Amino acid sequence: MLLKHITTASLTTLLAIGTSPAAQADIVDSPMPWLKKQNTTPPVAAKVPWQEKRHGEIVTDDYRWLQKKEDPKVIAYLNAENAYTEAMTADIQPLAEKLFQETKARMKETDLSVPVRRGKYYYYNRTEAGKQYPIYCRRLADAQLNYDDKASEEILLDQNLLAKDQKFFMVAGSLVSPDDRYLAYLTDTTGYRQFTLQIKDLKTGELLSDQAERVTSMAWAADNKTLFFVQEDATTKRADRLFIMALGDKPEQIYQEKVEQFALQVGTTHDRQFITLRSGATDTSETWLIPANQPNAKLRSVLGRQQGHRYEVEHRDGLLYIKTNKHAKNFRLVTAPLATPGEKYWKELVPHNKQALLLNVEVFRDYLAVSEKSQALNQTRIYNFSTRQWKNISFNDPVYLAMSAGTPEYNSRQLRISYQSPVTPPMVMDVDMDSGERKVLKQQEVVGGYDASQYETRRLWASAKDGVKVPLWVVYKKGVVLDGSAPTLLYSYGSYGISTEASFSLARLSLLNRGVVYVQAHIRGGTDLGEHWHEDGMLMKKKNTFTDFIASAEYLIQEKWTSPEKLIIQGGSAGGLLMGAVTNMRPDLFKAVHAAVPFMDVMNTMMDASLPLTTGEYLEWGNPNQKAAYDYMRSYSPYDNIEKKAYPAMLVTTGLNDSQVMYWEPAKYVAKLRTYKTDQNPLLLKINMAAGHGGASGRYDALKESSFNFAWMLGQWGIKE
């Protein structure tokens with residue numbers, strides 16, 4: 001409900017929130033002042049002093065009351081922000097609708113994914129024009145186990161039916177039992193990412209009574225009736241308990257991870273011989289195995305838990321394949337006998353490479369596929385067990401994204417890879433693991449035609465504050481004059497070891513076609529250049545993330561790609577923290593900022609161990625209960641470093657049901673910034689009142705959100721259509 005729909009009787013509650021005298025006069029004059037005055041004064045949140053002593057410092061938080069989600073005053077304030085944003089962006093709504101229609105026209109609305117064989121079936125999902133969600137289906141393979149499009153289609157899940165009457169709906173994962181009869185799947189109807197496990201009998205079409213709440217991962221045992229699943233804590237959202245459940249029986253807890261920095265994930269080895277349980281923290285992990293055909297056997301730890309040792313395990317023919325960082329910062333691959341996996345029995349198969357991060361290992365009956373990242377680009381190599389020879393799968397574009405697309409069959413001779421670049425629509429290909437021959441199975445169609453030769457993408461390198469070279473990639477439409485006048489959007493993330501990838505975007509074409517230069521920076525905090533790249537952008541080196549981004553912006557300006565008057569920046573979640581930090585540090589450098597679901601209130605969040613995900617983050621950001629870490633984090637926390645000075649125009653977006661970054665972080669940030677900023681630039685807060693961290697769940701609704709964001713940016717650049 002928007003504030004403009006509030007009745008006269010509820011205005012007293014609104015006034016208690018706190019508004020300027022002028023705004024109060026407007027409200028008193030008319031119960032619907034927005035009909036009279038579109039340029040309404042922005043909401044001003046009341047200051048309710050709250051104090052806490054931290055390391056000898058008295059900390060005051062005037063807007064802590066906004067954390068009370070159940071308080072009607074809080075909801076009224078958020079609605080007021082939405083109403084203000086709606087009024088202030090009325091002029092860009094036609095452009096937002098135009099962008100939506102443009103991107104929608106490029107979509108193949110009725111489409112089919114590439115079918116994937118699992119056992120005797122081919123699984124795929126399809127979309128239908130006008131429907132928000134995909135439909136999960138399968139067809140029986142023919143006698144030669146090839147895809148048979150004449151076989152009858154079996155609909156496993158129609159998300160559109162499941163989402164009926166829901167403001168938000170998401171299927172987070174699905175898993176078919178080994179005998180193809182049961183489908184276990186996870187759903188969320190709030191956006192809070194607390195998933196309900198449900199099981200469907202695909203033979204009868206009925207839902208079983210077996211259910212569980214707050215499930216994060218799951219794995220079927222070989223008997224087709226036993227399911228392992230991990231459940232998260234209701235308050236902290238840490239995945240800390242492993243359950244076993246025989247269909248028709250109550251779940252039984254068989255393990256609990258008690259160390260707060262660790263979270264559990266359950267799965268299976270590729271050959272389906274073992275259930276795997278992995279407990280992982282930022283710097284340490286442990287893996288256990290259970291024979292898939294003996295689901296009641298005890299968990300067996302492979303290598304135990306040693307501080308700083310991170311490892312993952314696969315299995316083939318009695319050998320364990322262990323991806324380990326022991327004596328190998330960027331990881332290496334070793335083998336060891338199943339019965340004696342200790343280090344003294346290791347044999348190295350993929351040595352450590354200081355220049356390449358070992359990302360992923362896929363073990364097949366006859367082949368091994370490894371993915372590595374070097375110079376911010378993914379590469380794949382295939383090992384033939386019989387010939388003991390390696391084969392490289394390479395690509396020629398200056399920047400691209402190539403990654404495994406999932407090859408579920410252990411006996412497969414084809415490796416499925418997805419490939420795209422900023423100018424190349426995504427494609428799925430099969431690579432013959434013996435010959436290396438590639439076969440493109442499908443490429444995303446751009447309806448209405450698309451000419452990649454009209455666009456150009458390049459790799460750039462900026463010099464960071466300490467002299468380190470930071471890679472960037474840029475895409476633009478040929479013909480753009482690069483004299484410093486081009487409107488430019490710079491995006492980055494830079495946390496948790498998550499890399500910035502050179503992907504394709506249908507929606508982005510609307511920006512490129514209007515002369516916008518789009519850039520992403522591979523700043524420290526990700527693993528774009530290896531594990532050291534992550535380590536140099538975390539804990540007591542976190543500020544490298546921010547200075548790398550500023551250096552990237554300065555480089556673009558120096559090299560005449562753009563100017564401060566034309567540069568807009570964007571980031572979300574931890575990338576939203578990046579937006580807040582660099583805006584505090586160098587507000588003169590940017591025309592405008594879009595901060596999405598931003599981690600703005602670092603100190604208040606990290607000091608509250610009862611909040612979701614907080615304690616598990618200590619190894620990424622630091623433990624603020626330690627004075628040195630507290631002081632360092634305090635020095636860059638966006639909410640704590642707002643000053644009385646001019647700031648760029650800002651659009652801050654969030655979701656009321658966000659469980660990763662609570663809605664109150666951006667809400668408090670905006671409320672405080674309004675009282676400090678000395679400029680007249682717009683400061684807008686837009687809250688999706690029925691979604692969480694990822695925004696709207698339906699594909700059309702999500703596109704409308706991104707179209708609005710782009711329209712706002714275009715408006716800041718002065719591009720009106």
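The structure is a predicted model. Buried residues in α4 are L95, A96, L99, F100, T103 and R106. They cover an arc of only 140° around the axis, which places them on the same side of α4. The elements covering these buried residues include α6 (508-512) and α14 (699-717).

Strand β20 runs antiparallel to β21 (residues 319-324), and six bridges join them. Within this pair, V313 stands opposite I322 of β21.

Strands β25 (residues 367-374) and β26 (residues 377-384) form an antiparallel pair with eight bridges. S371 faces T380 of β26 in this pairing.

Strand β33 (residues 469-477) is largely enclosed by the rest of the structure, because seven of its nine residues are buried. It pairs with β32 (residues 455-463) in the antiparallel sense over nine bridges. A462 stands opposite V470 of β33. The two strands, β32 and β33, form a hairpin with five residues between them. In the turn, G467 has a positive phi of about 95°. Strand β33 also runs antiparallel to β35 (residues 517-521), to which four bridges join it. V474 has V519 of β35 as its bridge partner.

Salt bridges number 40 in the model. One of them joins the side chains of K108 and E445, at 3.5 Å from N to O. K108 lies in the loop between α4 and β3 (111-112), and E445 in the loop between β31 (438-443) and β32, so the pair ties together parts 337 residues apart in sequence. K108 is partly exposed, with a relative accessible area of 36%. E445 is also partly exposed, at 40%.

E153 and R126 form another salt bridge, at 2.9 Å from N to O. This pair links distant parts of the chain, 27 residues apart: E153 sits in the loop between β6 (135-140) and β7 (154-158), and R126 in strand β5 (residues 121-127). E153 is partly exposed, with a relative accessible area of 29%, whereas R126 is buried at 16%. Both residues belong to a network of salt bridges that links R126, E128, K131, R139 and E153.

E257 forms a salt bridge with R305, and their closest N and O atoms are 2.6 Å apart. This pair likewise links distant parts of the chain, 48 residues apart: E257 lies in the loop between β15 (252-256) and β16 (263-268), and R305 in the loop between β19 (300-301) and β20. E257 is buried, with a relative accessible area of 1%. R305 counts as partly exposed, at 31% relative accessibility.

How values were computed. Residues numbered from 1 in each chain as written. Predicted model: local features only at pLDDT ≥ 70, side-chain atom pairs only at ≥ 80, totals over all residues. Heavy atoms only, no water. Buried < 20%, exposed > 50% of the residue type's maximum accessible area, 1.4 Å probe, protein only. Arc of directions from axis to C-beta. Contact = heavy atoms within 4.5 Å. Pairing = 2+ DSSP bridges. Salt bridge = Lys/Arg side-chain N within 4 Å of Asp/Glu carboxyl O.
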